[in-house]
Amino acid sequence: MNFKTRKLIKYEDLNARGTLFGGQVLKWIDEEASIFCICQLNTRSIVTKAMSEVNFVSSAKLGDVIEIGCELISLGNTSITIACEVRNKDTKKTIIRIDKIVFVVVDKDGKPAYQGVDTSFLVATLTAAIQEQQALIESLTTRLTALESK
């Protein structure tokens, strides 16, 4: 999860109980998720299509600093799916988690359009990363075996 945005909880962000208002944090999530997708797709022509279950795990209080993170889940022909988490910056305790937010690329008429991201580079990138991890595992296994035989 890549945490890019931080927010200071102010009076106007609170509910009647004096804790972070859920509607406010959902607004921040939609904005951060949109920006994340815009950066991934290199287009501003996106709309929020759907959000999976919104899981409020804990809350935040006045003066807390929270951070919002997003990660890519998948790319479709016209869509991008991401996950998002909001957590307390100091304690790293999750405040809210959304496992799936779907955005759709739209044309000038608001109809779904091909998202245009070339994913062919992923195979080579992932293959190299897997080979690197396998070499690391083999190296650590050799070192562990050597330590255990002493």
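**Before you zoom in.** This is a predicted model, in which local features need pLDDT of at least 70, side-chain atom pairs count only at pLDDT 80 or more, and totals for chains, interfaces and linings use all residues. Residues are numbered from 1 along each chain as its sequence is written, and side-chain values use heavy atoms, with hydrogens and water left out. The mean pLDDT of the protein is 91, and 95% of its residues reach 70 or more.

**View 1. The largest nonpolar core holds 27 residues.** A nonpolar core is a set of buried Ala, Val, Leu, Ile, Met, Phe, Trp, Tyr and Cys residues joined through side-chain atoms within 4.5 Å. Buried means under 20% relative accessible area, exposed over 50% and partly exposed in between, using a 1.4 Å probe and protein chains only. To find your way around, pick out Ile 29, Ile 66, Ile 82, Val 86, Ile 101 and Phe 103, the residues with the most contacts inside this core. Helix H1 (22–41) and strands S4 (65–75), S5 (79–88) and S6 (94–105) are the elements that give two or more residues to it. H1 gives the most, with seven residues.

**View 2. Phe 103 and its surroundings are shown with their contacts.** Contact means heavy atoms within 4.5 Å. Not counting residues up to four places away in sequence, Phe 103 touches Asp 30, Ala 33, Ser 34 and Cys 37, among others. Its partners also include Ile 46, Val 47, Thr 48 and Lys 49, as well as Thr 78, Ser 79, Ile 80 and Ile 82.

**View 3. Ile 96 sits in strand S6.** Ile 96 counts as buried because its relative accessibility is 0%. Its C-alpha atom is separated by 4.5 Å from that of Phe 56, 40 residues apart along the chain. Beyond its neighbours within four places in sequence, Ile 96 is in contact with residues including Val 25, Leu 26 and Ile 29. Val 54, Asn 55, Phe 56 and Val 57 are also among its contacts, and so are Cys 84, Glu 85 and Val 86.

**View 4. Val 104 is another residue of strand S6.** Val 104 is buried, at 12% relative accessibility. Although Val 104 and Val 47 are 57 residues apart along the chain, their C-alpha atoms are separated by 5.5 Å. Leaving aside neighbours within four places in sequence, Val 104 contacts Ser 45, Ile 46, Val 47, Lys 49, Thr 78, Ser 79 and Pro 112.

**View 5. Glu 67 lies in strand S4.** Is this residue buried or exposed? Glu 67 counts as buried, since its relative accessibility is 2%. Its C-alpha atom and that of Thr 5, 62 residues apart along the chain, are separated by 5.5 Å. Among its contacts outside four places in sequence are Phe 3, Thr 5, Arg 6, Glu 85 and Arg 87.

**View 6. The charged end of Arg 87 sits over the ring of Phe 3.** The distance to the ring centre is 3.6 Å. For this feature, NZ of Lys or CZ of Arg must be within 6 Å of the ring centre and within 35 degrees of the ring normal.

View 7. A disulfide is a pair of cysteine sulfur atoms within 2.5 Å. Cys 84 is in no disulfide either, and its nearest cysteine sulfur, that of Cys 70, is 3.9 Å away. Cys 37 is buried at 0% relative accessible area, and Cys 84 is buried at 1%.

View 8. Asn 42 has a phi of about 55° although it is not a glycine, and is found in the loop between H1 and strand S2 (46–51). Asn 42 is exposed, with a relative accessible area of 71%. Lys 92, also not a glycine, has a positive phi of about 65°. Lys 92 is found in the loop between S5 and S6 and counts as partly exposed at 41% relative accessibility.

Technical notes
Helix = DSSP H or I, 4+ residues; strand = E, 2+ residues; numbered from the N terminus. pLDDT = per-residue confidence, 0-100.
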